[in-house]
Amino acid sequence: MSAVSNDTIQRLRQELLLIEGYKAPESDAPDIPIGPLADAFPNRRFPTGKLHEFLAGTVQQAAATGGFISTLAGALLGQGGEAIWIAKKRRVFPPGLGAFGISAHRIIFCDIRNEKHLLWVTEEALRCTGISAVIAETADIGYTASLRLQLAIDESRVTGFLLRQSSTQLPPIASAARWRISPARSRSPIPGLIRVGCPCWTIELEKVRNGRPGLWQLEWRAGRFQPIEPATVALPYPERRRKTG
Amino acid sequence: MPGRRYLSIWFRHLITDQHIRHQPAHKNEAFVFATREKNLDIVSFASPAAVSHGIHTGMVLSDARLLLPDVRILPGNPDPGRLLRQIALRFNRYSPIVAVDPPDGLLIDITGCAHLWGGEAAYYTDIVTRILDGGYDVRAAIADTAGAAWAFTRHLKRPLIVPPGEHKTYLPTLPPTALRLSTAILERLRSLGMSRIRHILDQPRTTLTPRFGKELLQRLDQAFGETEEYLLPVVPPVPYRERLPCLEPVVTAGGIEYALTRLLEILCGRLEQEGKGLRTALLQCHRVDGKVMQLTAGTIRATCSITHLLKLFETRIPTIEPGLGIELFTLEAPVTEDAPPGQESLWGGHRAVEIAEFLDRITAKTGSVVFSRMLPAQHHWPERSFRSVLPDQSESNETWPADPRPIHLFDPPEPISVTAPIPDYPPMSFRYRNTLYKVAAANGPTRIENEWWVDTARPRDYYTVEDEQGARYWIFRSGHYEDEQPARWYLHGLFA
């Protein structure tokens with residue numbers, strides 16, 4: 001086994017990807033630092049210029065997803081361009097975005113009440129090569145509509161993020177990757193005290209084209225993804241409080 | 001101001017002439033209009049026949065009666081301003097810039113207009129004959145400046161068409177009343193014995209302003225052409241307007257689109273040549289039955305791209321009801337801006353243009369401006385800590401505060417009920433929308449005081465709490481425990 005070198009395996013993988021019809025991101029596409037998540041993707045590169053779907057069942061999950069998408073969009077914006085955040089009702093709090101490496105004034109927020117208009121605007125935005133990232137919050141999107149978005153992306157190579165929040169089961173759509181982000185317990189920054197630390201997420205990649213789905217528990221600290229270190233074990237919060245007073 | 005020419009028109013008996021137009025029987029009669037001021041009847045306008053008997057404007061009516069016992073007195077207070085405006089509108093065929101010169105004159109910028117009539121003499125004759133035919137007694141003069149034309153109209157016998165540059169030789173011989181000065185200054189000049197403009201010119205310039213105020217020098221410079229005088233045209237010029245009449249009434253969407261394309265080609269070509277771009281475009285479709293259908297399109301940056309503008313209109317062309325047909329299309333650009341060709345590269349190039357065009361298309365589709373960019377605002381209160389601006393102002397030097405802030409904010413905050421040890425410990429659990437969340441970790445409190453100059457809500461103590469699943473919340477207690485009102489708890493946001 002050891003006779004087969006790493007290079008050979010890499011070469012064979014590349015060939016397989018070509019046979020599977022994988023279109024690599026253009027060479028000038030930004031390399032998104034995604035830490036341990038890179039294992040899931042072909043060539044260990046985050047697929048830009050694709051449609052990413054994010055599922056959220058609760059408002060808490062939607063907030064965590066918003067943070068996760070912001071880190072990706074922030075890295076995409078590092079190369080210039082603009083991001084568009086399309087929503088029916090804007091919940092994003094601009095001062096909160098800075099923690100994820102994106103300054104709010106680089107984003108154009110669109111508030112669109114009408115569902116049909118929202119999909120139209122999303123499609124138009126995805127056609128516009130001057131835009132780096134399109135973030136659309138809509139649960140109500142069918143398979144056909146997602147194909148349209150996919151087609152628009154194929155021409156423009158814009159990266160699209162669809163945030164679908166719904167407490168019920170949603171119909172499947174065409175996307176390059178399907179994610180589910182939920183909040184995870186954070187690590188206290190001060191050992192021995194029970195404090196809220198850096199954002200931590202359970203990241204579930206349910207489906208990815210030409211890649212391997214997976215599950216990670218990661219922490220967003222100092223501007224990059226890091227595995228959550230084993231938390232210092234402390235008494236559960238209420239008991240401790242009762243003791244002290 | 002080389003090359004400019006102005007025409008001044010003076011209606012010597014504006015109001016009375018107008019009255020005679022309506023009542024030809026009064027033509028050679030002596031009549032006056034009288035108004036009541038401070039319990040005195042004052043002559044406001046007097047007819048030429050009355051003037052020849054010595055009656056003049058401003059005279060007390062009883063004095064006028066002494067001079068001419070059977071003078072006809074007419075009631076009412078005619079408004080010369082309105083009448084002048086009406087007349088001025090009719091003169092728009094002679095020049096686009098016609099300004100009212102109260103109380104009894106018009107000032108017209110005729111630069112580049114006279115040659116269409118075959119020279120200034122023919123132009124002058126045409127205008128004066130037209131006014132005389134209308135029954136008004138008139139004097140008019142053409143000169144290099146509006147001020148000089150005004151002076152020559154009222155104070156120079158001849159020539160009334162002063163050749164370019166020669167106004168400087170005639171002006172000094174005229175009395176100071178030719179300078180459009182206020183009565184107080186005229187009175188002072190008279191008492192100093194300055195009966196001609198040349199007497200004023202003999203004085204050192206620096207002494208004039210302290211002695212007579214700014215007005216004298218300003219009027220003098222305007223008359224001689226040393227400073228620019230701006231006329232306020234009665235019809236604001238709409239320079240960018242194109243018409244497309246149709247031989248056969250148009251009833252199809254394809255036809256409308258073709259007409260629009262043709263109009264855009266003409267208008268945008270012109271805008272581009274003049275280094276301008278449009279911000280608003282207005283398409284009017286005049287139907288056979290007299291109704292006008294119209295569409296507007298707005299852009300967030302000046303543009304003269306035909307394809308882009310066509311796209312903005314395209315989606316709404318089907319909303320035009322052609323009825324029996326459209327016989328005339330007009331396209332107007334009411335709002336334009338300078339857009340030098342080099343601007344696009346300065347402003348971030350192709351990308352910025354593309355995004356601006358994309359935003360315009362959204363506005364055209366949804367019918368309202370739905371996008372904004374967020375900039376930090378100088379407020380601590382979370383709801384007021386950002387402000388939205390139009391996306392065209394992208395670069396900002398302001399930085400966002402580094403305090404931890406949630407990614408989602410509930411506005412208004414959602415009320416919750418909590419179990420919390422007093423005085424200022426974080427809650428142990430809270431109930432939000434009938435779900436109980438147990439607090440597993442907490443940061444805080446952080447107090448945010450309200451700005452008393454904005455409103456008087458109570459101060460808030462914020463806690464960042466994490467529940468057992470790891471979801472992070474931003475909750476606050478409004479007010480102090482010691483207050484008469486009980487403290488209330490709210491959920492204000494969610495951290496990622």
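**Exercise 1.** How many residues does the contact take from chain A and from chain B? Determine also which elements of chain A supply the side that touches chain B.

*Solution.* The model is a predicted one, and in it the contact takes 48 residues from chain A and 49 residues from chain B. Turning to the elements on the side of chain A that touches chain B, one finds that α2 (59-77), β3 (107-111), α3 and α5 (237-244) each supply at least two residues. The largest share, 6 residues, comes from α2(A). Sorted by class, the residues of this side of chain A divide into 28 nonpolar, 13 polar and 7 charged.

**Exercise 2.** In which sense do β3(A) and strand β12 of chain B pair, and over how many bridges?

*Solution.* Strand β12 of chain B covers residues 371-376, and β3(A) pairs with it in the antiparallel sense over 3 bridges. Within this pairing, Ile108(A) stands opposite Arg373(B) in β12(B).

**Exercise 3.** Characterise how helix α3 and helix α4 of chain A cross, and state which residues meet.

*Solution.* The axes of α3 (residues 115-127) and α4 (residues 143-156), both of chain A, come within 8 Å and cross at roughly 20°. Because angles under 35 degrees count as roughly parallel, α3(A) is roughly parallel to α4(A). The crossing in which α3(A) passes α4(A) is right-handed. On the α3(A) side, Leu119(A), Thr122(A), Glu123(A), Leu126(A) and Arg127(A) take part, and they meet residues of α4(A) including Ala145(A), Arg148(A), Leu149(A) and Ile153(A). By class, this contact of α3(A) with α4(A) has 6 nonpolar, 2 polar and 4 charged residues.

Technical notes:
Residues are numbered from 1 along each chain as its sequence is written. Chains are lettered from A and ligands numbered from 1 in the order in which they are written. This is a predicted model: local features need pLDDT of at least 70, side-chain atom pairs count only at pLDDT 80 or more; totals for chains, interfaces and linings use all residues. Axes are lines fitted to C-alpha atoms, for helices over the stretch in contact, and angles run from 0 to 180 degrees between N-to-C directions. Helices (H or I, at least four residues) and strands (E, at least two) are DSSP runs, numbered from the N terminus. Angles under 35 degrees count as roughly parallel, over 145 as roughly antiparallel, 65 to 115 as roughly perpendicular and the rest as oblique. A crossing is left-handed if the near helix is turned anticlockwise from the far one by less than a right angle, and right-handed if clockwise. Two residues are in contact if their C-beta atoms, placed from the backbone, lie within 7 Å. Ala, Val, Leu, Ile, Met, Phe, Trp, Tyr, Cys and Pro count as nonpolar, Asp, Glu, Lys and Arg as charged, and the others, Gly among them, as polar. Two strands pair if DSSP finds at least two bridges between them.
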